[in-house]
Structures are given as structure tokens and as C-alpha cells.
Amino acid sequence: MSRLSIAQLGQKAGETPLPAEIHAHFSSLTEKNTKSGKPYREVTFADATGAMTLKAWENHRQFSELANLDPGTPLCLSGIFTKNQWGLDGSPWAFESLTEDEADQLLAGDTETLAKQTADYREIESCVANLSDPRLAGLAKLFLKEFGDRFRRTAAARKNHHARRGGLVEHVAQMMRTAKAISVAYPDLNQDLLITGVLFHDCGKLWENSYPESGFNQLYNLSGEMMGHIPLGIELVNKLWRELLETPESTDWKTLTPPSDLVRLHLLHLIASHHGTHEFGSPTLPRTPEAFALHYIDNLDAKYEMLKDAYANANELAPGILERQFPLPSNLVSPLPNYQT
């Protein structure tokens, strides 16, 4: 029986039964009933690659044990898995506790995800180290120093894209790569400002989509719920900026061009406008080249991640046509392969 991550199970499972073992944290349990009144439990599990939901019917041999599990309990799931238009199913499936060593390995993440997120964080550090503007460089370095650990365990969203522990690091690193490429094509862009905007555009999600130090259940935070990540991001940048103003290095800022407070204002505008429209949550609309660029870079990377997940998990309706995956607008068509000589 192969041990798979949740993402790998989603990619490999299909109509043909697949024996598999998954190490994951128990996330949540919801009591439900069928239309005929038959009780069942909808159980969610999570690992470093994502989450999955299985149904446990009343005749499941561990039906009663599920109700006694604490969120975050590390488990080994084993069963025969299939996937159809309603999602994954295990018939039968069972669970048992992980050893302490197995639980530690689970928290560290699968090898592929851990390697990618480690490399992405190093790339973010490299981009920050190469910022020319001392104000933006100082701000970015202070953020990584004070909040780097929390940043590395935060998701980019609660669902739809990069919705996993460390997903925000992957999202930001890819956006930085795109920002650098676009800055070559559009050399008038202020690359320092754009790169810093990428770093901070979702920094409020450290309180909206963060994970505990030892788990895969996204936390709920009162500030995140009541404020949202855009106001929180603006507040955080202002807080860090005030801290920098207390340092000896900031005395040289008074003679720099453009003026320091204008630099801060432009960065705050990037955070405030990056959703692009009022109906999607931006308190203001993009009004500068960097603001437009940031909005489209963010949207492109989010959509590309959704496409990647959809191609891996969607059911095929006909040859080359895949079932629509929310929130994408339509059924997908298999992409055209590159020309090969």
C-alpha cells in the first residue's frame, strides 16, 4: 500500500479503486443526515499539501471514535480510495494514531513541499536583500525578522489557491519572480516598490489565514475576522515604519528622493488597491502603474494555481474536456503541449 500526501491522493485517485495510506491531522467533524434521515459524519483531514473530506457512515467501525478526536490529532488513514464528481471516497477506510516520530515528520511536511517552500523563502530573502531603496529594504528586512516564522506557516487563502500551510510563501515568491520579469518588459516600473508591494500585499493574512506552530488547521483570529487582511496589512506597514523611524539609520532618510513619506504612501496604496475593484474588497482602486501591475500579478498567480489544481483533480467529461472547478468560470480544456522538434 503506497503512502501518499493528500495532494497526491487527489491526483491519483479515480474510478479505479486505489489502495493508499495517508498521514494527516484530523481537522473537523460535521454531523449530517441523508434525505432519508440516515446519520453520517463528514470528516476533514489536512496535511502540508492540502485538505480532504471523507464520509463515515453509521456502520463505519470507528464511527463512535471519530466524535472523540481532538482537532490536530495526527493519524494514519488507510483504505481503498476512489474519486468521482462528488469528490474522494474511501470504501472502506480506517484510522490509527501516529507514533511521535511519524507525527514530527508529518508536521515537517512532505519532502517536495518542504523543499519548494524552503527555496521560495530563500528567494524572497534574496529579493529583499537586493532592494535599492533603503527605506523599502529596511521595512522588508524588519518584517522578515519580526514575522518570518509566522509568515512561513501562513496560507495565501482559506480555500481556492495556496490554501495550505506555507502557501503564502509560495504565492509571494512566484509573484516576485513575475514582478522581476515584468519589470524587464516595462522598465519604467519602480521595481523596488513593486517587489516590496508583493511582499506586503497579503501580510495581513498572517492574522487571517495563519496556522499554529504545530498543526494544519487554519486559525480564526478576531482581528482577521473583524478587519480583514487589507486594513491589517496597512496597519502593520505603518507600525513597522514607525519602528524604523526610531532607528539611527532613518536620520538619513530626510534627504532622500523621493521623499520618505511619499514612498510609504505609495506602498500603502499597493496594499489597499491590490484586489482591483471595490466589489472584491479593495477600499480604493489602482491609481499607479505599480498598483495595476501588482493587481494583475496577484490575480494571475492565484488563477494559475487554481488551474494547476483543477487539471490535477477535475473529472474528465470527454476527451480533453474537464469538469469546471469553482471559482473558475467554465469547464477546462487540456492545454496544448509545446512544439517538439
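Predicted model: local features only at pLDDT ≥ 70, side-chain atom pairs only at ≥ 80, totals over all residues.

Let me start with Lys 239, which is partly exposed, at a relative accessible area of 33%; here buried means under 20% relative accessible area, exposed means over 50%, and partly exposed is what lies in between, using a 1.4 Å probe and protein chains only. Residues are numbered from 1 along each chain as its sequence is written, and side-chain values use heavy atoms, with hydrogens and water left out.

Which residue does Lys 239 form a salt bridge with? The partner is Glu 243, and the closest N and O atoms are 2.5 Å apart, where a salt bridge is taken as a side-chain nitrogen of Lys or Arg within 4 Å of a carboxyl oxygen of Asp or Glu. Both residues lie in helix α9, 4 residues apart, or about one turn of the helix; helices are DSSP runs of H or I with at least four residues, strands are runs of E with at least two, and both are numbered from the N terminus. Glu 243 is likewise partly exposed, with a relative accessible area of 26%.

In helix α10, Asp 261 and Arg 264 are 3 residues apart, again about one helical turn, and their side chains meet in a salt bridge at 2.9 Å, N to O. Asp 261 counts as partly exposed at 46% relative accessibility, while Arg 264 is buried at 18%.

Are the two residues of the salt bridge between Asp 133 and Arg 135 buried or exposed? Asp 133 is buried at 13% relative accessible area, and Arg 135 is buried at 1%, with an N to O distance of 2.7 Å between their side chains. Across the whole structure the search finds 15 salt bridges, and Lys 116, Asp 120, Glu 123 and Arg 177 are linked in a network of them.

Turning to the packing, the largest nonpolar core has 47 residues, of which Ile 124, Phe 143, Phe 151, Leu 199 and Phe 200 touch the most other members. Such a core is a set of buried Ala, Val, Leu, Ile, Met, Phe, Trp, Tyr and Cys residues joined through side-chain atoms within 4.5 Å. The largest share of this core, 9 residues, comes from α5. If we leave aside residues up to four places away in sequence, Phe 151 touches several residues, among them Tyr 121, Ile 124, Phe 143, Val 172 and Leu 199, contact meaning heavy atoms within 4.5 Å. A second, separate core of 22 residues includes Leu 9, Ile 22, Phe 45 and Leu 75.

Finally, the strands, where two of them pair if DSSP finds at least two bridges between them. Strand β2, residues 18–33, pairs with β5, residues 74–84, in the antiparallel sense over 8 bridges, and His 25 stands opposite Pro 74 in β5. Strand β5 also pairs with β6, residues 87–97, in the antiparallel sense over 9 bridges, with Ser 97 in β6 as the bridge partner of Leu 75. Elsewhere, an open sheet of 3 strands runs in the order β7-β8-β9 with antiparallel pairing; its edge strands, β7 (316–318) and β9 (332–333), each pair on one side only.
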